[in-house]
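Dear colleague,

Please find below the structure I promised to hand over to you.

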Amino acid sequence: MNQEGKKPSVVQLQGFIRDGDRLRFVACDGGSYTGHLKWFDDQSFCLELEDGDSFTLLRHSVIGYGPAPLSQ
């Protein structure tokens, strides 16, 4: 997990999408969201969850992110 407050660069986010990396985002409410990044913009991230549903997470609520272990 990257340090709190550190935001991914555009190039890094594009790489996550291109490579299909499984990611875990941690939100300021204590929630943890795991999936594949579908798209992003200046305000939000869209994750495709394991069950195929999509979830939009607002950027200002993200405190950390990183590769998700396969056991999750």
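This is a predicted model: local features need pLDDT of at least 70, side-chain atom pairs count only at pLDDT 80 or more; totals for chains, interfaces and linings use all residues.

Residues are numbered from 1 along each chain as its sequence is written, and side-chain values use heavy atoms, with hydrogens and water left out.

The overall picture

The protein has 1 helix and 5 strands, and from the N terminus on these elements follow the order α-β-β-β-β-β. Helices (H or I, at least four residues) and strands (E, at least two) are DSSP runs, numbered from the N terminus. Of the 72 residues in the protein, 35% are buried, where buried means under 20% relative accessible area, exposed means over 50%, and partly exposed lies in between (1.4 Å probe, protein chains only). The protein exposes about 4500 Å², of which carbon and sulfur atoms supply 51%; the areas come from the Shrake-Rupley method with a 1.4 Å probe, and for residues only the protein chains shown count as cover.

The sheet

The 5 strands form an open sheet in the order β4-β3-β2-β1-β5, with antiparallel pairing; two strands pair if DSSP finds at least two bridges between them. Because β4 and β5 (62-67) stand at the edges with a single partner strand each, one side of each is left without a neighbour in the sheet. Neighbouring strands of this sheet are turned by 45 degrees against each other on average, direction ignored; for such angles, axes are lines fitted to C-alpha atoms, for helices over the stretch in contact, and the angles run from 0 to 180 degrees between N-to-C directions.

On one side, 4 bridges join β3 to the antiparallel strand β2 (residues 32-40), and the bridge partner of histidine 36 is glutamate 48 in β3. These two strands, β2 and β3, form a hairpin with 3 residues between them. There are also 5 bridges that join β3 to strand β4 (residues 54-58), again antiparallel. Across this pairing, serine 44 stands opposite leucine 58, phenylalanine 45 opposite leucine 57, and leucine 47 opposite phenylalanine 55. The hairpin of β3 and β4 has 5 residues between the strands, and glycine 52 in the turn has a positive phi of about 95 degrees.

The helix

Which residues of α1 are buried? In α1 they are Leu13, Gly15 and Phe16. Seen down the axis of α1, the buried residues fall within an arc of 155 degrees, so they line one face of the helix; the arc is that of the directions from the helix axis to the C-beta atoms. These buried residues pack against β1, β2, β3 and β5, where contact means heavy atoms within 4.5 Å. The face of α1 turned away from its buried side carries the exposed residues Val11 and Arg18.

The aromatic rings

Rings of Phe, Tyr and Trp (its six-membered ring) pair if their centres lie within 6.5 Å, and planes under 30 degrees apart count as stacked, over 60 as edge-to-face and the rest as tilted. By this rule the count comes to 4 aromatic pairs. The rings of tyrosine 33 and phenylalanine 55 have their centres 4.6 Å apart and their planes at 20 degrees, so the pair is stacked. This pair links distant parts of the chain, with tyrosine 33 in strand β2 and phenylalanine 55 in strand β4, 22 residues apart. Tyrosine 33 is partly exposed at a relative accessible area of 21%, and phenylalanine 55 counts as partly exposed at 27%. Ring pairs also link Phe16, Phe25, Phe45 and Tyr65 into a cluster.
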